[in-house]
Amino acid sequence: MIIRQAEFAGSCANWNQLPEDELPEIALAGRSNVGKSSLINRMLNRKQLARTSSVPGKTQTLNFYRINEELYFVDFPGYGYAKTSKGERRKWGKLIERYLLERKQLKLLLLLIDIRHPPTRDDQAMYEWAVHHGIPVCLVATKADKISRSRQRQHAAQIRNVLQISGEVPVIPFSSETGAGREELWERIAAAAI
């Protein structure tokens with residue numbers, strides 16, 4: 001995809017703040033520090049559009065990024081980070097659950113998993129919940145530049161095995177550093193957003 005325009009469109013802490021237009025939405029979920037912001041920046045060819053941090057748990061709202069006036073990326077708060085209060089996590093959880101179940105503009109959930117490690121229980125729970133509710137999912141195995149190509153295949157197979165992923169659900173090795181996987185991911189996004 002040629003990126004002509006990409007902008008931060010706003011943060012939403014509650015349902016009434018969600019954008020009112022009808023553009024397709026691609027949501028990004030994953031544990032804290034898995035690379036959601038870095039993926040957004042690489043996909044949009046921007047260095048600092050989505051703020052990255054070495055401190056996990058910085059994203060505390062649903063963050064919307066409008067692309068070419070054609071679609072949104074929706075960055076969820078990372079899960080599995082204990083320093084956030086239980087009350088905050090519960091509040092995010094309710095908003096994210098409602099968004100995933102009710103948002104008609106949602107076309108695809110990108111579930112990001114660090115390729116270097118087996119999926120966590122939280123990753124498993126998120127994947128199983130999405131599949132149970134019929135939400136289209138694409139697995140993105142981030143930080144692929146950190147391991148060799150042969151190990152990428154092994155680790156992608158491990159992700160498939162642990163999550164018991166059916167054949168039609170893709171697992172795309174992705175590197176925010178090198179851009180590997182970017183074109184394949186855009187193809188999946190474009191196909192889902194039509």
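Which residues point one way from E4, and which the other way? In this predicted model, Leu71, Phe73 and Asp75 point one way from strand E4, whereas Tyr72 and Val74 point the other way, and all are buried. Buried here denotes under 20% relative accessible area, exposed over 50%, and partly exposed the range in between, with a 1.4 Å probe and protein chains only. Because 5 of the 5 residues of E4 are buried, the strand is largely enclosed by the rest of the structure.

The model is predicted, and local features need pLDDT of at least 70, side-chain atom pairs count only at pLDDT 80 or more, and totals for chains, interfaces and linings use all residues. Residues are numbered from 1 along each chain as its sequence is written, and side-chain values use heavy atoms, with hydrogens and water left out.

Strand E4 belongs to an open sheet of 7 strands with mixed pairing, in the order E1-E3-E4-E2-E5-E6-E7. Strands (E, at least two residues) and helices (H or I, at least four) are DSSP runs numbered from the N terminus, and two strands pair if DSSP finds at least two bridges between them. Angles run from 0 to 180 degrees between N-to-C directions, the axes being lines fitted to C-alpha atoms, for helices over the stretch in contact.

On one side of the pairing scheme, E3 and E4 run antiparallel and are joined by 5 bridges; Tyr65 has Phe73 in E4 as its bridge partner. These two strands form a hairpin with 3 residues between them, and Asn68 in the turn has a positive phi of about 55 degrees. Strand E2 (residues 25-30) runs parallel to E4, with 4 bridges joining them, and Leu28 is partnered by Asp75 in E4. Further along the sheet, strand E5 (residues 106-114) and strand E6 (residues 137-142) pair in the parallel sense over 6 bridges. Leu110 stands opposite Cys138 in E6, and Cys138 is buried, with a relative accessible area of 1%. Helix H4 (residues 149-163) lies across E5, E6 and E7 and runs at about 150 degrees to E7, contact being defined by heavy atoms within 4.5 Å.

The loop between helix H2 (86-102) and E5 contains Gln105, which counts as buried at 9% relative accessibility. Apart from residues up to four places away in sequence, Gln105 touches Asp21, Glu22, Leu23, Pro24 and Glu25. A polar atom of the Gln105 side chain lies 3.1 Å from the backbone oxygen of Asp21.

Side chains of opposite charge can pair when their charged atoms come close. The structure holds 9 salt bridges, each requiring a side-chain nitrogen of Lys or Arg within 4 Å of a carboxyl oxygen of Asp or Glu. One of them joins Glu70 and Arg4, with the closest N and O atoms 2.9 Å apart. This pair links distant parts of the chain, 66 residues apart, as Glu70 lies in the loop between strand E3 (62-67) and strand E4 (71-75) and Arg4 in the segment before E1. Glu70 is partly exposed at 34% relative accessible area, while Arg4 is exposed at 60%. Arg66 and Glu69 also meet in a salt bridge (3.6 Å, N to O), and Glu7, Arg66 and Glu69 are linked in a network of salt bridges. A further salt bridge connects Glu183 with Arg182, the closest N and O atoms being 3.1 Å apart; Glu183 is partly exposed at 47%, whereas Arg182 is buried at 10%.

Most residues other than glycine have a negative phi, and most peptide bonds are trans. Glu69, in the loop between E3 and E4, has a positive phi near 55 degrees and is partly exposed at 43% relative accessibility. Lys143, in the loop between E6 and H4, likewise has a positive phi, near 65 degrees, and counts as partly exposed at 22%.

Finally, the structure holds 0 disulfides, a disulfide being a pair of cysteine sulfur atoms within 2.5 Å. Cys12 counts as buried, with 3% relative accessibility.

Terms used: Polar contact = N/O pair within 3.5 Å; in protein donor to acceptor, adjacent residues only side chain to side chain.
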